[in-house]
2 protein chains.
Amino acid sequence: MRYRAIVEYDGTNYSGFQRQLTKPTVQGEIEKALLEISRLAVSVTGAGRTDSGVHATGQIIAFDLNWRHGSSSLLKALNANLPVDIVIRDISAASEDFHPRFDALSRTYTYYIYNQTVRSPIWRLRSWHVTRPLDVELMNGAAELIIGEHDFATFGQAPQGTNTIRNIKNARWQKEGLQITFRIEANAFLDRMVRSLVGSMKAVGEGSWTVVDFYNAFLAKDRGKAAMTAPAAGLFLTSVSYE
Amino acid sequence: MRYRAIVEYDGTNYSGFQRQLTKPTVQGEIEKALLEISRLAVSVTGAGRTDSGVHATGQIIAFDLNWRHGSSSLLKALNANLPVDIVIRDISAASEDFHPRFDALSRTYTYYIYNQTVRSPIWRLRSWHVTRPLDVELMNGAAELIIGEHDFATFGQAPQGTNTIRNIKNARWQKEGLQITFRIEANAFLDRMVRSLVGSMKAVGEGSWTVVDFYNAFLAKDRGKAAMTAPAAGLFLTSVSYE
């Protein structure tokens, strides 16, 4: 039987989602918990391969398992065997051919910037500390330019043999107290794409780039033209949508 | 010259604010940073002695120091010598007799409950995970009873030779997404008082106590009548007010 689950994790202590031989990963920990409760090697697939240090509140995974006790007892058994920084929020039976990555219609990420001269101990593992005051209106000027179907070669790399065209459905910056939050939804993302977009829009917000500089970098379709990539700690995979 | 400063800290890795001989504390770390930049032993006083694991975004401290380079350079020098989980948010010259504890008119604390069946990796060090659904209206029924000047012997201990009467100016629960937040302002608090109030109001919110049970425990002025004390991780000292 195939199961589909929503996963939340604090990515601080993991080398990303995807299983690695020698380093702790989120996939690795979930597979360990599945082995623990079933005594069988179970392979997990995820909707997004989040990088080292990136968090998630709505990662979607799938796996096949024979389990006779209902999905609510499966949820409890898994959570009892997962470390404190990973949890299964919800679990349900899925169709036999459900694939969290290929079936996804869109992914939504949220990025947090803590915009203050002084760093924040409370937010240090959940945000990017930017000291120069950011102009959110200018950043939204840049965000509007990327909405729709475009070539994002400037902002990330595609897997070999595939293209760098992606379709952005929403992209918007918002000021919430000392935090400046970026929410972006797309059909799919290139490797490092959200963090690269955030880094270049931050350059616009602090005035080191104009919106036109951003647009020219975007049009250049050249990875070398992007500004710095924003750090992992501010990034959250918040949801994945399916039909 | 006496300085007054606002301090933010993640209390997770500290044995509270107050200096201890063998354990890491917030006061101890600030005094170490002051020693580092001045080469002199400087004693720090704080407005509130937060417990082990309790956080702060608005702790107020004072200390005496000879510093010739202005308070903004003092802020930078101190922050450069403080660990990542402690920061001075602001610093200014104070009158020679300023005392952060004795001069305080009121303190405000905020407590976060994460109210969901499943625990949260993201919020685990910043909230109390309560699985049973809480009724915020009932909890506010209890909160209203404590406003004003009352004897809080049920909810905390006073330093020897002093009384347990405190004056609550505001106390209110609010639902914010999956978080239920308690904000309380008082002239001063007894030892463990906020966490003890939160624990007893949570009993009301989940239905194991009625509001009348809460009121009777309150009127009993008996420490043994309080429900469980809420854990430290959910508590933040958010501000201290002065004339």
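Tutor: A:Glu31 and A:Arg19 form a salt bridge, with 2.7 Å between the closest N and O atoms; the term denotes a side-chain nitrogen of Lys or Arg within 4 Å of a carboxyl oxygen of Asp or Glu. This is a predicted model, in which local features need pLDDT of at least 70 and side-chain atom pairs pLDDT 80 or more, while totals for chains, interfaces and linings use all residues. Side-chain values use heavy atoms, without hydrogens and water, residues are numbered from 1 along each chain as its sequence is written, and chains are lettered from A and ligands numbered from 1 in the order in which they are written.

Student: Is A:Glu31 buried or exposed?

Tutor: Buried means under 20% relative accessible area, exposed over 50%, and partly exposed in between (1.4 Å probe, protein chains only). A:Glu31 has a relative accessible area of 11%, so this residue is buried.

Student: Which class does B:Arg39 have, buried or exposed?

Tutor: B:Arg39 forms a salt bridge with B:Glu36, the closest N and O atoms being 3.6 Å apart. B:Glu36 is partly exposed at 42% relative accessibility. At 64% relative accessibility, B:Arg39 counts as exposed.

Student: Which residue of chain B is linked with A:Asp10 and A:Arg126 in a network of salt bridges?

Tutor: A search of the whole structure finds 26 salt bridges over all chains. In the network that includes A:Asp10 and A:Arg126, the residue of chain B is B:Arg124.
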